[in-house]
Amino acid sequence: MKENIEISGKILSRYKEIISDEALQFIKEIHDQFNEKRLELLNERKKRQKFIDEGGKLDFLEETKKIRESNWKIKNIPHDLLKRQVEITGPPIPKKMLISALNSGADCYMTDLEDSLTPSFDNLIQGQLNIKDAINRKIDFIDQESGKEYKLKDKTAVLIIRPRGLHLSEKNVKINGERISGTFFDLGLSLFNNANKLIKNGSGPYFYLPKLEHYLECRLLNEVISFCEKKLSLKIGMVKVTVLIETINAVFQMEEFLWELKDHIVGLNAGRWDYLFSYQKVYRNTQKVILPDRSKVNMFVPFMANYNKLLVDTCHKRGAFGMGGMSAQVIAKSNPEEINKKALDSVQKDKERESKQGNDGAWVAHPSLVEPVKKIFEKNFKGPNQLNKFNNIKINRRDLLDEPKIENAISESGIRENLQEGIEYLAYWKIGTGCSVVNYLMADAATCEVSRAQLWVWLKYKAKLDDGRTVDEKLIDVLIKDELSKIKSRIGEKNFDSVPFVEASKIFKEMIIKKDFDDFLTIPLYEKI
């Protein structure tokens, strides 16, 4: 081990396969070359937020007008990424979840080291081990309770890995006393340990890049990827990425994102939950955005529909995929029949919309939705994608920012929905489960962020409920107490006591009543694990 690389996480069996001295030296080189620039770009985010707080307007950039008006295309799309009609998402742990996702029949599997994974050192390294074992087809699992054996089928989903965002650090690995970037750690280790094997398998190293806000951040990541390709003797452009458009800042720079990453990018994705969170977060200090209950702000609402249509047309203009968003519904035998029917109806309606708006595919959170969604896309267009389809409508700045009217649109049930998600998700996150089913929907950090932002904004501006009551701390206290009682009644006292629901409720309340809004809930939470 190099003396200036410090690891504080416990090194368990096989971890050295992932964090070998050579792999860590590779990570160190990335850190030394690019971390200073990363920190500068994160500081620029704070400056942009201050600009908005002081009345500044988000808009398409004048400085990059030539890029938007020029004629150019992205480099190329590999053969095994040409069809992405259904992509399943989820964390790389436990093993049976990873195997089930790869075997689900989905075209691609986005294995997630970000929103659906509690980033403990063990989770991250075990996740990287599971990914490596799956790529080498050396992964299997036997469920001790059911006796069911999990092993890979001959044909599996194409693997796409999502590293953590630029704003997140890895506290268990320090270089010269400084924490390394979560992006550099996750991306670098994935490339170092798997790139050559993936290429040998006839695929390649593919990634989803999250939470980007500015084209200069894309430029940085393009430089990082090219640096890694050269270090690993890979052809430039062998690494392929899809960028999630999940910040309100990014929607005005989609062509610039594609341009900066044109050697490596194959598409953009409409990350709807983080986008909705970002929309509220960016305008939190200006009282411009007080949205209705989250269940009412779907992709049929004009400003959300416009965001997706613009994404599709922007991507197709440049030869890239416009990927649709997440269906968080979970269809399970244990669910009441009416819940499953309602979930399937909702998914079908949403995916019909995405297909008609030109999306080349979309995400699902559970294997039960793979076949229903695949049938919708296959029914609505022939061939592997819709790269030649356009909405052909002019979408301006105002079309992307006109929020729904809120008169009588905030209800007690909306508050309860947000509190339930916040309490249950944070409780399971604390014990290492970064995604969980809450109210028959798959919850992750992105969906929880929407709940947190809504409650914070409603409290800050003393929003009125549809029955005339004001959203205040007293009401929140009453509803938290009631929601905790409902959780205990539903799962039983023993299960309730084994998960820190009460602690999670206190943490969540603190987050929604505090004066200064945390940019991301995962940042303060990370210090608690």
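This section describes strand pairing, helix packing and backbone geometry in a predicted model.

The model is predicted: local features need pLDDT of at least 70, side-chain atom pairs count only at pLDDT 80 or more, and totals for chains, interfaces and linings use all residues. Residues are numbered from 1 along each chain as its sequence is written, and side-chain values use heavy atoms, with hydrogens and water left out. Helices (H or I, at least four residues) and strands (E, at least two) are DSSP runs, numbered from the N terminus.

Strand E3 spans residues 108-112. Five of its five residues are buried, so E3 is largely enclosed by the rest of the structure. Buried means under 20% relative accessible area, exposed over 50%, and partly exposed in between, with a 1.4 Å probe and protein chains only. Both faces of E3 are covered. Cys108, Met110 and Asp112 are buried on one side, and Tyr109 and Thr111 are buried on the other.

E3 pairs with E2 in the parallel sense, over four bridges. Two strands count as paired if DSSP finds at least two bridges between them. Glu87 stands opposite Cys108 of E3. The chain crosses from E2 through H3 to E3, and this β-α-β crossover is right-handed. A crossover has that hand if, with the strands pointing away from the viewer, the path from the first strand over the helix to the second runs clockwise. E3 also runs parallel to strand E6 (residues 158-162), joined by five bridges. Here Met110 has Ile160 of E6 as its bridge partner.

A cis peptide bond links Ile93 to Pro94, with omega near -10°. Pro94 sits in the loop between strand E2 (86-90) and helix H3 (95-102).

Three other strands form an open sheet in the order E1-E7-E8, with antiparallel pairing. The edge strands are E1 and strand E8 (178-181), each of which pairs on one side only. The twist averages 50° from one strand to the next. Strand E7 (residues 169-175) pairs with E8 in the antiparallel sense over four bridges. Ile175 has Glu178 of E8 as its bridge partner, and Lys174 stands opposite Arg179 of E8. The hairpin of E7 and E8 has two residues between the strands. Within this hairpin, Asn176 takes a positive phi near 55°.

H1 touches E1, E7 and E8, and its direction makes about 95° with that of E8. Contact means heavy atoms within 4.5 Å. Helix H5 (residues 182-200) lies across E7 and E8, running at about 55° to E8. Axes are lines fitted to C-alpha atoms, for helices over the stretch in contact, and angles run from 0 to 180 degrees between N-to-C directions.

Helix H13 (residues 412-430) packs against H14. The axes of H13 and H14 come within 9 Å and cross at roughly 130°. That makes H13 oblique to H14. Angles under 35 degrees count as roughly parallel, over 145 as roughly antiparallel, 65 to 115 as roughly perpendicular and the rest as oblique. H13 passes H14 in a left-handed crossing. A crossing is left-handed if the near helix is turned anticlockwise from the far one by less than a right angle, and right-handed if clockwise. Residues of H13 in this contact include Gly414, Ile415, Asn418 and Tyr425. Their counterparts in H14 include Ala445, Ser451, Leu455 and Trp458.

H13 also packs with helix H17 (residues 501-513), at an angle of about 120° and with the axes 8 Å apart. That makes H13 oblique to H17. The crossing of H13 and H17 is right-handed. Among the H13 residues in this contact are Ile423, Ala427 and Lys430. H17 contributes residues including Phe501, Ile507, Phe508 and Ile512. Asn418 and Leu419 of H13 meet residues of H14 and also residues of H17.

Two loop residues have a positive phi without being glycine. Arg14 has a phi of about 80°. Arg14 is found in the loop between strand E1 (5-7) and helix H1 (21-53). At 35% relative accessibility, Arg14 counts as partly exposed. Lys462 has a phi of about 50° and lies in the loop between helix H14 (445-460) and helix H15 (473-491). At 57% relative accessibility, Lys462 counts as exposed.
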